[in-house]
Amino acid sequence: MATAATASIFPVPSPSPDAGADGNKLVGGSVKLQGLKSKHASSGGLQVKAHAQAPPKINGSTVESLKHDDDLPSPPPRTFINQLPDWSMLLAAITTIFLAAEKQWMMLDWKPRRSDMLIDPFGIGRIVQDGLVFRQNFSIRSYEIGADRTASIETVMNHLQETALNHVKTAGLLGDGFGSTPEMCKKSLIWVVTRMQVVVDRYPTWGDVVQVDTWVSASGKNGMRRDWLLRDCKTGEILTRASSVWVMMNKLTRRLSKIPEEVRAEIASYFVNSAPILEEDNRKLSKLDDNTADYIRTGLSPRWNDLDVNQHVNNVKYIGWILESAPQPILESHELSAMTLEYRRECGRDSVLQSLTAVSAADVGNLAHRGQLECKHLLRLEDGAEIVRGRTEWRPKPVSNFDIVNQVPAESI
């Protein structure tokens, strides 16, 4: 097709019969066409074949001798392109070579293999700072924001938890448990959080991209501390700081365990020798009861979706239960700025819980017009067993046009 199209555009006058007599001797010899040399058929190289056929014979004489020259059909015009080899196969070969080269080029990894930046193969983050800090970015989705047009505290905590697990995965220490290393899996051990401290300077909003850094350190003889630092990707502004303490529990007996030496050998090289990202709040978390609590919410029970792969309630879910008993005026006029939680025991999927809150303010009925507020919390089972003790700090919400947006104009008549 390419040959016919080219011939129709660039016709070349046919050579004279005398000129073609010597020019068509292809069998047993060779001919050079624009630098390409055709070889004998037995040579196995590129061949240019003559498509001429001997005229048929009748009674020993050719048909041409029996017909008048006027009756013979005129031969097709000879063009320059007709004298060339079949370029379509050559073009296909060149295209194949270029496609193969492009594929090999795309498969090459040109990223620098530096010790301070290891790209994880799953695209979920990267390890930086000499392999000690894990960094991951998150885009705040529309379903992660609340009525205030900002991300909820549960959203922030879920992002922190996700980076912790991805840190273990990227480091190659993830077994078949929820953040458990291979040696921990052999011994049926899991990590459980005992203390969590969070300070939120500003909540991100829909469409913001946040960057979370996390690292681990030793905490005493049998504990691990994990810190987080959450920034705004665009401005670098620090949004949230968090620090937590974790210990090991036997998944079968549900009892706390010391860190075995095999497990310590797995994780010790990833520990950072640094102070906590937050100064530890050493104030004692007092226990609430029916007489000291201002608000009580009962009948809280975990759903199947609230359980993690270790068959216990995810620690972020406890935060939502704690806030179930927070007074509505605080939720509408204030935002949570700091939180300290002590996890005392786990609850099963059949547990029924109660949430208690006490507000450190004399005028509980006028909370909306107060400045900084502090609340004490307790999450307990119906039989009184403590699950979580907590303390939260609240600040007035920033001024916004939220109320104006929600005003629906009256329909004009």
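Aromatic rings of Phe, Tyr and Trp (the six-membered ring of Trp) are taken to pair if their centres lie within 6.5 Å; planes under 30 degrees apart count as stacked, over 60 as edge-to-face and the rest as tilted. The structure examined here is a predicted model, in which local features need pLDDT of at least 70 and side-chain atom pairs count only at pLDDT 80 or more, while totals for chains, interfaces and linings use all residues. Residues are numbered from 1 along each chain as its sequence is written, and side-chain values use heavy atoms, with hydrogens and water left out.

Two aromatic pairs are present in the structure. In one of them, the ring centres of Y318 and W321 are 5.8 Å apart and the planes meet at 55 degrees, so this pair is tilted. Y318 and W321 both belong to helix 7 (residues 315-323), where they are three residues apart, about one turn of the helix. Helices (H or I, at least four residues) and strands (E, at least two) are DSSP runs, numbered from the N terminus. Y318 is buried, with a relative accessible area of 4%; buried means under 20% relative accessible area, exposed over 50%, and partly exposed in between (1.4 Å probe, protein chains only). W321, at 4% relative accessibility, is likewise buried.

The rings of Y318 and Y343 have centres 5.7 Å apart and planes at 50 degrees, so this pair is also tilted. This pair links distant parts of the chain, since Y318 lies in helix 7 and Y343 in strand 14 (residues 334-343), 25 residues apart. Y318 and Y343 are both buried. Together, Y318, W321 and Y343 form one aromatic cluster.

Eight of its nine residues are buried, so helix 7 is largely enclosed by the rest of the structure. Among these buried residues are N315, V316, I319 and L323. At the start of helix 7, a side-chain oxygen of N314 comes to within 2.9 Å of the backbone nitrogen of V316.

With regard to cysteines, the structure holds zero disulfides, a disulfide being a pair of cysteine sulfur atoms within 2.5 Å. C233 is partly exposed, at 33% relative accessibility, whereas C375 is buried, at 0%.

Technical notes: Polar contact = N/O pair within 3.5 Å; in protein donor to acceptor, adjacent residues only side chain to side chain.
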